[in-house]
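These are my notes from a first look through one model.

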Amino acid sequence: MDVFFSAKEGRSGLKLIIQTKAKKTGIVGVYDGMLKLAVASPPVDGKANNEVIAFLADFFNVKKSDVSIISGERSRRKICLLGSLEEEDIRERLRPFL
């Protein structure tokens, strides 16, 4: 199972599994066919989702408004779109973690 997918309108994204209340926010690796991301925030009042968006925006050097959670807002398993980044650019940036 590939952690990447191509969505409509040519936007690429990631399948994520989130570990909340971690010591620090960062990519842990791949788990169950998804990119595992640890976030320091608890899953309360959207804090973890906001941290996921902020981390991905910073990691991929895109605006926060370009990152969106399109599935799984209330779940550990999420699907996120990453603005206009091409799948190859995403793969290259994540290569050390895969």
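**Entry: a tyrosine**

In which strand does Tyr-31 lie? I found Tyr-31 in strand 3, residues 26-31. Helices (H or I, at least four residues) and strands (E, at least two) are DSSP runs, numbered from the N terminus.

Before going on, I noted that this is a predicted model, where local features need pLDDT of at least 70, side-chain atom pairs count only at pLDDT 80 or more, and totals for chains, interfaces and linings use all residues. Residues are numbered from 1 along each chain as its sequence is written, and side-chain values use heavy atoms, with hydrogens and water left out.

I looked up the accessibility of Tyr-31 next. Tyr-31 has a relative accessible area of 47%, so it is partly exposed. Buried means under 20%, exposed over 50%, and partly exposed in between (1.4 Å probe, protein chains only). Leaving out residues up to four places away in sequence, Tyr-31 touches Ile-17 and Lys-36. Contact here means heavy atoms within 4.5 Å. I also checked Tyr-31 against Lys-21: they are 10 residues apart in sequence, and their C-alpha atoms are 18 Å apart.

**Entry: two loop residues with positive phi**

Lys-21 sits in the loop between strand 2 and strand 3. Its phi is positive, about 55°, although Lys-21 is not a glycine. Lys-21 counts as exposed because its relative accessibility is 62%.

Asp-32 is in the loop between strand 3 and strand 4. Asp-32 is not a glycine either, and has a positive phi of about 55°. Its relative accessible area is 47%, so Asp-32 is partly exposed.

**Entry: salt bridges**

How many salt bridges does the structure hold? I counted three. A salt bridge is a side-chain nitrogen of Lys or Arg within 4 Å of a carboxyl oxygen of Asp or Glu.

One of them joins the side chains of Arg-77 and Asp-32, at 3.2 Å from N to O. This pair links distant parts of the chain: Arg-77 is in strand 6, Asp-32 is in the loop between strand 3 and strand 4, and they are 45 residues apart. Arg-77 is partly exposed because its relative accessible area is 41%. I listed what Arg-77 touches, not counting residues up to four places away in sequence: Leu-16, Ile-17, Asp-32, Met-34, Ser-71 and Gly-72. I also looked at Arg-77 and Ile-18. They are 59 residues apart along the chain, yet their C-alpha atoms are separated by 6.4 Å.

Another salt bridge joins Arg-91 and Glu-87, with the closest N and O atoms 2.7 Å apart. Arg-91 and Glu-87 are four residues apart in helix 2, so about one helical turn separates them. Arg-91 is partly exposed at 21%. Glu-87 is partly exposed at 23%.

Glu-92 and Arg-95 also meet in a salt bridge, at 2.9 Å from N to O. Glu-92 counts as partly exposed at 48%, and Arg-95 counts as partly exposed at 47%.

**Entry: the core**

Which residues touch the most other members of the largest nonpolar core? Of its 23 residues, they are Leu-14, Leu-16, Val-52, Leu-56, Phe-60, Leu-82 and Leu-94. Strand 2 (12-19), strand 4, helix 1, strand 5 (67-71), strand 6 (77-82) and helix 2 (87-94) each give two or more residues to this core. Helix 1 gives the most, with eight. A nonpolar core is a set of buried Ala, Val, Leu, Ile, Met, Phe, Trp, Tyr and Cys residues joined through side-chain atoms within 4.5 Å.

I followed up Leu-82. Not counting residues up to four places away in sequence, Leu-82 touches Ser-12, Gly-13, Leu-14, Leu-56, Phe-60, Asp-66, Val-67 and Ile-90.

**Entry: a buried serine**

Is Ser-41 buried or exposed? Ser-41 is buried because its relative accessible area is 14%. I placed Ser-41 in the loop between strand 4 (34-38) and helix 1 (47-60). Leaving aside neighbours within four places in sequence, Ser-41 is in contact with Thr-20, Lys-21, Lys-47, Ala-48 and Glu-51.
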